[in-house]
Amino acid sequence: MDHAINLAKQAMEMTAIWQAARALIQEQLAPPVFDMWIKPLRLGRAEDPQRIEILASNDFSASYVRDHYGALLTTAFTSALGQGARLLFQVDPDPPARQVEESPATPTPTGARFGVDGRYTFENFVVGSCNQFAHAAAARVADAPATAYNPLYIQGGVGLGKTHLLHAIGNALLRARPESKTLYITSEKFMTQLVDSLRFKQVHNFKENFRSVDVLLVDDIQFIAGKKATQEEFFHTFNALQEANKQIVISSDSYPGEIEHLEERLRSRFSQGLVADIHPPDLETRMAILKKKAALEGMELSDDVAFFLAEAIQSNVRELEGALIRVFLLASLEKEPVTLSLVRESLRGTLRRGEPRLLSMEKIIETVAAYYKIRPLDIRSSKRARRFSHPRQVAMFLCKQLTKASYPEIAREFGDRNHTTVLYAVDKIASSQQVDVDLEQAVSTLAGMLRK
Ligand code: ADP
Ligand code: MG
């Protein structure tokens, strides 16, 4: 009996560890990559850390994930588990039923929850000055679709709540108007479904499916850039919906004008309605988000702990969430309350237990951008205004100081510039620092944040 209880407990802990490992990986992969390869995986038998089964839906996925993400998954497991882990990638003998969203070619009952994730609601969304505009626009659209802004275009950096707002609109609509058809889809899925429909000669079904919706929520539209056939089809879908007075909501990491290799006619369609942007959250909002997430988990978070975490993690909400999950996990594993010292331990733990974390230039760019309240995109751009060029030079300087990258490598990371530009920037920041106290302060704060 005791044995059975122990096994059950162990299984529960393993599930928590699997969730923590996934959260760690989610921080490191682009959302579409994560959604495509990691999200569908299931945890299989896992009594022995040296034989943890990871189940994929088919042979191809299993070997692809093993080859491409095997090391990353193993590291995440090792880090979440606090000890070495060995993963076995296998085909799921009992795969969960495919989601409706994945097979739109089948007839679609009205009011179904097409792709809309019930966890992301307006109630769970914390409003701060960074996102209040986008939130208000989204709420308005959910309230009265196709009357005010069409399309609504939500722009914001990684992990700042775009996907959350899209689902929130979907959930609100499904609740208030269960008879209307609201469909959430990522632009990548739109593309793969289009490709599939061409392959299986079901283009008609594909078109029908998208043109029969009342509200279309398209996430991460930037991924259709450069995809000719997909842009073409999306353009026609867009027009058909707009003509029928249906609502379209789009999210992207860039403004319409900034997406490269996007057809002009789409660019102009996207700018026709309202473009609402989301900025990185300030300290207060980060604390409020932590408290809300904790409450959703049924946990309580004291002010000092919330403050400490919100100070330590500034880049985006997804990372903030990842840190919170690790804290809760550690608390449950060690059977301790969530205190400041436990939080310190959990943050340190992720650095110590994981692979020696190499600081990426991407991370530096993200951090510097957040610090100066601009977007990573602006840092990589060639915009000359000082509010962009100064942070860019600081970021170049930090890349040189904190990574092993060479001047040409840094130049490449910053939008393929000439490496003399980097040389100049590094030199300039190094010497200005000597005389400019504010700059010196900024550089050391940033370096401190990045070394954490
Ligand atoms: P994006 O799509 O912009 O990359 P997401 O919408 O996926 O970001 O957000 C990442 C995570 O952060 C999600 O779990 C989301 O619930 C959470 N999040 C982001 N912004 C907020 C917010 N203002 N309030 C509550 N949770 C948020
Ligand atoms: Mg997203």
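I looked up the second largest pocket first, and about 290 Å³ of space lies in it. A pocket here is an open set of points on a 1 Å grid over the protein atoms alone, where a 1.4 Å probe fits, with protein on both sides within 12 Å along at least five of seven lines. The volume is the space filled by probe spheres set on the points, which are joined across faces, edges and corners.

**Ground rules.** I'm working with a predicted model, where local features need pLDDT of at least 70, side-chain atom pairs count only at pLDDT 80 or more, and totals for chains, interfaces and linings use all residues. Residues are numbered from 1 along each chain as its sequence is written, and side-chain values use heavy atoms, without hydrogens and water.

**Lining.** I checked which residues line this pocket (an atom within 4 Å of a point); among them are Ser129, Cys130, His279, Asp282 and Tyr371. Helices H10 (283–296) and H14 (361–371) each give two or more residues to the lining. Helices (H or I, at least four residues) and strands (E, at least two) are DSSP runs, numbered from the N terminus.

**Sheet.** Next I found five strands in an open sheet, ordered S5-S6-S7-S4-S8, with parallel pairing. Strands pair if DSSP finds at least two bridges between them. S5 (182–186) and S8 (274–278) stand at the edges with a single partner strand each, so one side of each has no neighbour in the sheet. S5 pairs with S6 (215–219) over five bridges, and I noted leucine 183 opposite leucine 216 in S6.

Methods
Chains lettered and ligands numbered in written order.
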